[in-house]
Amino acid sequence: MDLKSAEKSYSLEKMMHAKGLGNDKKLEDATIKFEKAKIDFNLFKIKLENKTLKAPYSGHIRHWRIDEFSKEGDDTIAVTLADDRKMYALYSIPVKYATKAVPGQKVKVSFSYAALTEVLEGEVKYISPEVDKNSAALNAIALIDNKDRKLISGMTVTVNHMLGSNKGVIYIP
């Protein structure tokens with residue numbers, strides 16, 4: 001039994017007993033369970049203080065999987081760690097470019113914040129082989145180099161997919 005539910009049961013039995021509606025045995029059982037839950041909780045805290053979280057890469061913590069009332073074993077996944085040095089951009093490619101778009105091509109991702117516009121580069125990793133019925137486009141995924149951690153998960157960006165080279169083309173501004 002976890003600490004929260006043990007405390008709730010104990011409080012309920014104590015209140016019932018005080019009103020003359022409970023019996024001594026139920027109050028005694030609830031008290032024992034509550035005291036045991038407090039001991040288990042304190043043991044867990046001591047064990048947790050002696051643990052080290054190790055990850056195969058640097059990143060930031062996204063989701064805590066345990067809290068002070070959890071009763072978990074040694075192999076429990078405690079957190080989800082996000083490696084934000086590489087980010088995926090999900091975007092759509094109009095059907096008219098379907099024959100020109102292939103994985104491995106470069107993309108430029110631009111986004112703005114605090115009146116600054118940033119541009120990061122990446123590479124197309126996946127292009128859907130079928131047209132999305134809702135958008136009439138091909139869904140694509142590009143891996144963006146975010147080593148300076150300028151992109152944040154969930155940001156809106158503009159993706160420019162480089163379909164080919166412009167070698168031999170004269171650009172007149």
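The model is predicted, so I note its limits: local features need pLDDT of at least 70, side-chain atom pairs count only at pLDDT 80 or more, and totals for chains, interfaces and linings use all residues. Residues are numbered from 1 along each chain as its sequence is written, and side-chain values use heavy atoms, with hydrogens and water left out.

**Positive phi**

I checked where Ala-136 sits: in the loop between S5 and S6 (helices, H or I with at least four residues, and strands, E with at least two, are DSSP runs numbered from the N terminus). Its phi is near 55 degrees, which is positive in a residue other than glycine. S5 and S6 form a hairpin with four residues between the strands. I then turned to Arg-149, which is not a glycine but has a positive phi of about 55 degrees. Arg-149 belongs to the loop between S6 and S7. I list Arg-149 as partly exposed, at 36% relative accessibility.

**Strand pairing**

I looked up the partners of S6 (two strands pair if DSSP finds at least two bridges between them). S3 and S6 run antiparallel, joined by nine bridges. Ala-89 has Ala-142 in S6 as its bridge partner. S5 and S6 also run antiparallel, with seven bridges joining them. Here I find Tyr-126 opposite Ile-141 in S6.

**Core**

Which residues touch the most other members of the largest nonpolar core? I get Tyr-91, Ile-93, Val-107, Ile-127, Ile-144 and Leu-151, out of 16 residues (a nonpolar core is a set of buried Ala, Val, Leu, Ile, Met, Phe, Trp, Tyr and Cys residues joined through side-chain atoms within 4.5 Å). Strands S3 (86-94), S4 (106-113), S5 (116-132) and S6 (137-145) each give two or more residues to this core. Another core, of five residues, lies apart from it; Leu-3, Phe-34, Ala-37 and Phe-41 are among them.

Leaving aside neighbours within four places in sequence, Tyr-91 is in contact with residues including Val-107, Val-124, Leu-138, Ile-141, Val-159 and His-161.

**Salt bridges**

How many salt bridges does a search of the whole structure find? I count seven (a side-chain nitrogen of Lys or Arg within 4 Å of a carboxyl oxygen of Asp or Glu). Side chains of opposite charge can pair when their charged atoms come close.

I examined Asp-29 and Lys-25, whose closest N and O atoms are 3.0 Å apart. The two are four residues apart in helix H2 (residues 24-49), so about one helical turn separates them. Asp-29 is partly exposed at 29%, and Lys-25 is exposed at 52%.

Asp-40 and Lys-36 form a salt bridge with closest N and O atoms 3.0 Å apart. They are four residues apart in H2, so about one helical turn separates them. I note Asp-40 as partly exposed at 22% and Lys-36 as partly exposed at 48%.

Lys-150 and Glu-118 meet at 3.1 Å, N to O. Lys-150 is in the loop between S6 and strand S7 (158-161) and Glu-118 is in S5, so the pair ties together parts 32 residues apart in sequence. Lys-150 is partly exposed at 28%, whereas Glu-118 is buried at 15%.

Last, I found Lys-106, Glu-123 and Lys-125 linked in a network of salt bridges.

Notes:
Buried means under 20% relative accessible area, exposed over 50%, partly exposed in between (1.4 Å probe, protein chains only). Contact means heavy atoms within 4.5 Å.
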